[in-house]
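Let's walk through this model together, with the structure open beside the text. We will begin with packed helices, pass by an aromatic pair and end at a sheet.

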Amino acid sequence: MHFRLNPYRIYCTSVAISSLSQIARYARIGHIENARKVFDKMPEKSVVAWNSIIAGYFQNYQPREAKILFDRMPKRCVVSWNGLISGYIKNGMVSEARKVFDLMPERNVVSWTAMVRGYVKEGMVLEAESLFWQMPEKNVVSWTVMLGGLIQEGRIDEACRIFDMMPEKDVVARTSMIGGFCQEGRLAEAREIFDEMPRRNVITWTTMISGYVHNQRVDVARKLFEVMPEKNEVSWTAMLMGYTQCERIEEALELFDAMPVKSIVACNAMILGLGQNGEVAKARWVFDQMREKDDGTWSAMIKVYEQNGFELEALNLFAVMQREGVRPNFPSLISALGLCASLASLDHGKQVHGQLVRSQYDLDVFVASVLITMYVKCGNLVKAKLVFDRFAPKDIVMWNSIITGYAQHGLGEEALQVFYEMCSLNILPDDVTFIGVLSACSYTGKVKEGLEIFELMNSKYQVERRTEHYACMVDLLGRAGQVNEAMNLIESMPVEADAVVWGALLGACRTHMKLDLAEVAAKKLVQLEPKNSGHYTLLSNIYASKGKWGDVAVLRKKMRSRSVSKSPGCSWIEVEKKVHMFTGGDSMGHPEQELIMKMLERISGLLREAGYCPDGSFVLHDVDEEEKVHMLGYHSEKLAVAYGLLKLPEGVPIRVMKNLRVCGDCHSAIKLIAKVTGRDIILRDANRFHHFKDGLCSCKDYW
């Protein structure tokens, strides 16, 4: 007997199969509208077709549309109901999934397992457990899902019991157990399962290697890595990260060079590892070689620059990242805010603030504190206070940020006002609060208030005094001319005075020309920090101002013998979102050097007319008066101010940053520059802010 196949039926079947594959493909690439068009055109829609389009909507995070279609289905099977449960779980809608599960006319092991998996995925392990033990039948997948949930919660002993009860233990279950033991540091038990496994896959090997790496057993991990029958990208990356985390950078580089495929994760780990080792150029080389980069790559390279003191390069790279259309992640934005604060790059800071607002990150208390600090360090206290006032409730970090901000800007009255307001709201100050408040008193000469607050720290606020608080008090007394009282306080300290305390005393001795005490402080500082050039510089300043050039020479010889080099004075200014750096001396290396020199000459003429006379005592070298005047004229802060006058329009404040303390001569000169040019000049030095306007400074010459 011969059967003839119906060609029409064959045609219809092939059309249906083609339509189903099109629906699946369109859904997978995110073109759900096209998938729907294919579905709507199908002359006969099978249950499989309905299931496929519903799954597509769930896959494209449109659960509402999926449910509408499910309700319209003329006929459903258990697979349709399971698809609805899985779809809701994929979209994080576990309660809706449970409602569907409870309504199902019949359930199979897949239904129960999907629901248990959903609870585990959402971290609802107790609910998963309850459902798991009610299951009428369990397969190896059910057991493995429940096992994973317990491991996820760190309940390793209960996971062990489930593992022992499993009638069948597949590779996935055993690998999960190995990972769980490694997570808890129980490597011997993990290795026992690994060694007893009848069959292992690449994930099993990688899990065991990662376990050794996670527990700092890198050499054991390497031995296992060498005997792996096959390695994938994850295996290579796990081993590489073992070396970078242990800072064994040479071995990491060797392994990295040997990698057949360098994944983005591996490259990112290598960039960070090299950065932690100070190998910034090599880290950048890895970054530049990468054909594909993710947001973690950019974030890693920016972090490397930031950690190694290349703030300008970090900020420039952040700008490049934005130009290339890479959306910065949260850590990148926070890093960028820190960079803007460090470089006082206000324009970039505002831009980052805008991105945080658009991403709704600005509603976070931590972000608000970082924003306040950024605006404070960029010299925009008004904006910092706006962020502070707009945020409620405020945590202690926010209060500390604004108090410290006022202190750095020399606004002692405002800092104290915020401190008293904070206390009136029953927010308990901490040790950082008192550093801010005492610094504010110190910068503004409020000796009486500072002494009172210092006394109340223990008695009223139960905050233990630390060396930082004593340093603030030494600074407070020293600035006010009470140098002997400051020395008495150091001698009565219950803890050993550190370099910050002796540094505060040395600074006061420099201001009030107390040569005898300055020598005592300087000797202490040289013992504590023999490589810090600042201490030698201050003592040298005192000798130079007294004309003791022989002592200056001896001090310089000592510096040379100890390989101590003085940090060069460096200032910078932001113009049109670009940071321009200046160092002291003639050779500036700036492309607009000629224009800057002309502006300096013009300023010098205006200052002479206003009666300015350079103070040669601020030059450390034993040179004649004419040479001293020349050297003072090219201090880095003056070069930066001159560039600001050239480039920034009237009405825009000139904001200059300096890495060292501003010298007395530059302070006097910039006051006059502000007066003769009618410009507001804001200078941030290593200690604090100076707001120059109409020939006056906000510090009232008390710095």
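**Helices, rings and a sheet**

Helix 21 (residues 330–343) and helix 22 pack with their axes 9 Å apart, at an angle of about 155°. That angle makes helix 21 roughly antiparallel to helix 22, a label used for angles over 145 degrees, where under 35 counts as roughly parallel, 65 to 115 as roughly perpendicular and the rest as oblique. Here the axes are lines fitted to C-alpha atoms, for helices over the stretch in contact, and the angles run from 0 to 180 degrees between N-to-C directions. Helices (H or I, at least four residues) and strands (E, at least two) are DSSP runs numbered from the N terminus.

A word on the ground rules: this is a predicted model, in which local features need pLDDT of at least 70 and side-chain atom pairs count only at pLDDT 80 or more, while totals for chains, interfaces and linings use all residues. Residues are numbered from 1 along each chain as its sequence is written, and side-chain values use heavy atoms, with hydrogens and water left out.

Back at the helix pair, the crossing of helix 21 and helix 22 is left-handed, meaning that the near helix is turned anticlockwise from the far one by less than a right angle (clockwise would be right-handed). On the helix 21 side, Leu333, Ala336, Leu337 and Cys340 make the contact, and helix 22 answers with His348, Gly349, Val352, Gln355 and Leu356; contact means heavy atoms within 4.5 Å. Sorted by class, this contact of helix 21 with helix 22 has six nonpolar, three polar and no charged residues. In that sorting, Ala, Val, Leu, Ile, Met, Phe, Trp, Tyr, Cys and Pro are nonpolar, Asp, Glu, Lys and Arg are charged, and the others, Gly among them, are polar.

Now follow the chain onward from helix 22. Helix 22 (residues 346–358) packs with helix 23 (residues 365–377) at an angle of about 165°, and their axes are 10 Å apart. These two helices are therefore roughly antiparallel to each other, and their crossing is left-handed. Leu346, Gly349, Lys350, His353 and Leu356 of helix 22 meet Val367, Leu371, Met374 and Tyr375 of helix 23. By class, the contact of helix 22 with helix 23 has six nonpolar, two polar and one charged residues.

The residues in contact are Leu187, Ala190, Arg191 and Phe194 from helix 12, together with Thr204, Trp205, Met208, Gly211 and Tyr212 from helix 13. The contact of helix 12 with helix 13 has six nonpolar, two polar and one charged residues.

Next, the rings. How many aromatic pairs does a search of the whole structure find? There are 19 aromatic pairs, where rings of Phe, Tyr and Trp (its six-membered ring) pair if their centres lie within 6.5 Å, and planes under 30 degrees apart count as stacked, over 60 as edge-to-face and the rest as tilted. One of them joins Phe388 and Trp399, whose ring centres are 5.1 Å apart with planes at 85°, so the pair is edge-to-face. Phe388 lies in helix 24 (residues 381–390) and Trp399 in helix 25 (residues 396–408), so the pair ties together parts that are 11 residues apart in sequence.

Six strands form an open sheet in the order 2-1-3-4-5-6, with mixed pairing; two strands pair if DSSP finds at least two bridges between them. The edge strands, each pairing on one side only, are strand 2 (578–583) and strand 6 (696–697). Strand 1 (residues 570–575) pairs with strand 2 in the antiparallel sense over six bridges, with Thr583 as the bridge partner of Cys570. Their hairpin has two residues between the strands, and Glu576 takes a positive phi near 50°.

Strand 3 (residues 654–658) runs parallel to strand 4 (residues 681–684), joined by four bridges, and Ile654 stands opposite Ile681. Strand 4 is also joined to strand 5 (residues 689–693) by four bridges, this time antiparallel, and there Ile681 has Phe692 as its bridge partner. Four residues lie between strand 4 and strand 5 in their hairpin. Strand 5 and strand 6 run antiparallel with two bridges, and Lys693 stands opposite Leu696. The hairpin of strand 5 and strand 6 has two residues between the strands, with Asp694 in the turn at a positive phi of about 55°.
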